[in-house]
Amino acid sequence: MMSRILVADDHSVVLEGMRRILENAGHEVAGTAEDGRELVDAALKLKPDLIVLDISMPLMNGIEAARRIRINDSKAKLLFLSMHSDAAYVREAFRAGGSGYLLKRTAVSELPIAIREVLAGRYYISPLVTEQTIKELLATPGGGTFGRDLTKRQREVLQLVAEGKTAKEIATTLNISVKTVEFHKTSVMDALGLRTIAELTRYAIDQKMIGG
């Protein structure tokens, strides 16, 4: 039976390339999304069998989007697509409910294989995720927490601030008041011991919440 796949990436060229690969392999592309918030909405609406998602997306990163999708009890398998082979990314992808982790530079050749493995209920990690990375992944269970000590709303505000959005833009995106945005921003900075937006942005990059 043809599998229904939802694809999420913030680059239209990548989306189109993945669409061609998937359709040539006999799958149906049920939909696409270009940011994390759009992805969560599409996952709940379309109910795909599999979601291929980038980690570094605007408005909400792929890790956070995956958590939201799992909280809403989606049964879709999650296959992460990333340019990063760092152990912290791989660890958090699987902690967020992922079944596979594929590097973008090998996606053309590996994507059909990865999808077959994940849909069969197995796990897939790109061979280019090196042996050293796997050792690091197994040896450091506490690192790279993607801001999990913060509340859901605080993580949303943190990512949007780090992306350079103004308080008004964030308020519109999250459907809250500007005053509430400023409250959450101050709370995040106090909780993390940060004093400037530059430090806040660096924290988000270090925690893999946005691309560096």
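Colleague: Which residues of H9 and H10 meet?
Modeller: Lys 185, Val 188, Met 189 and Leu 192 of H9 are in contact with Ile 197, Leu 200 and Tyr 203 of H10, where contact means heavy atoms within 4.5 Å. Helices here (H or I, at least four residues) and strands (E, at least two) are DSSP runs, numbered from the N terminus. Before we go further, note that this is a predicted model, in which local features need pLDDT of at least 70 and side-chain atom pairs count only at pLDDT 80 or more, while totals for chains, interfaces and linings use all residues. Residues are numbered from 1 along each chain as its sequence is written, and side-chain values use heavy atoms, with hydrogens and water left out.

Colleague: Which residues are buried in H10?
Modeller: Leu 200, Thr 201, Tyr 203, Ala 204 and Ile 205 of H10 are buried, that is, under 20% relative accessible area, with exposed meaning over 50% and partly exposed in between (1.4 Å probe, protein chains only). The cover over the buried residues of H10 includes H7 and H9.

Colleague: Switching topic, how many salt bridges are there in the whole structure?
Modeller: A search of the whole structure finds 16, a salt bridge being a side-chain nitrogen of Lys or Arg within 4 Å of a carboxyl oxygen of Asp or Glu. One of them pairs Glu 156 with Arg 68, whose closest N and O atoms are 2.9 Å apart. That pair links distant parts of the chain, since Glu 156 is in helix H7 (residues 152-162) and Arg 68 in helix H3, 88 residues apart.

Colleague: Are Glu 156 and Arg 68 buried or exposed?
Modeller: Both Glu 156 and Arg 68 are buried, and for Glu 156 the relative accessibility is 7%. Glu 156 also meets Arg 153 in a salt bridge (2.6 Å, N to O); these two both lie in H7, three residues apart, about one turn of the helix. Arg 153 is partly exposed, at 28% relative accessible area. Salt bridges that share partners join several residues into one network, including Arg 68, Arg 153 and Glu 156.

Colleague: Back to helices, then: which residues of H2 and H3 meet?
Modeller: Gly 36, Leu 39, Val 40 and Ala 43 in H2 meet Ala 65, Arg 68 and Ile 69 in H3, and by class this contact has five nonpolar, one polar and one charged residues. The axes of H2 (residues 36-46) and H3 (residues 62-71) come within 9 Å and cross at roughly 25 degrees, so H2 and H3 are roughly parallel to each other.

Terms used
Axes are lines fitted to C-alpha atoms, for helices over the stretch in contact, and angles run from 0 to 180 degrees between N-to-C directions. Angles under 35 degrees count as roughly parallel, over 145 as roughly antiparallel, 65 to 115 as roughly perpendicular and the rest as oblique. Ala, Val, Leu, Ile, Met, Phe, Trp, Tyr, Cys and Pro count as nonpolar, Asp, Glu, Lys and Arg as charged, and the others, Gly among them, as polar.
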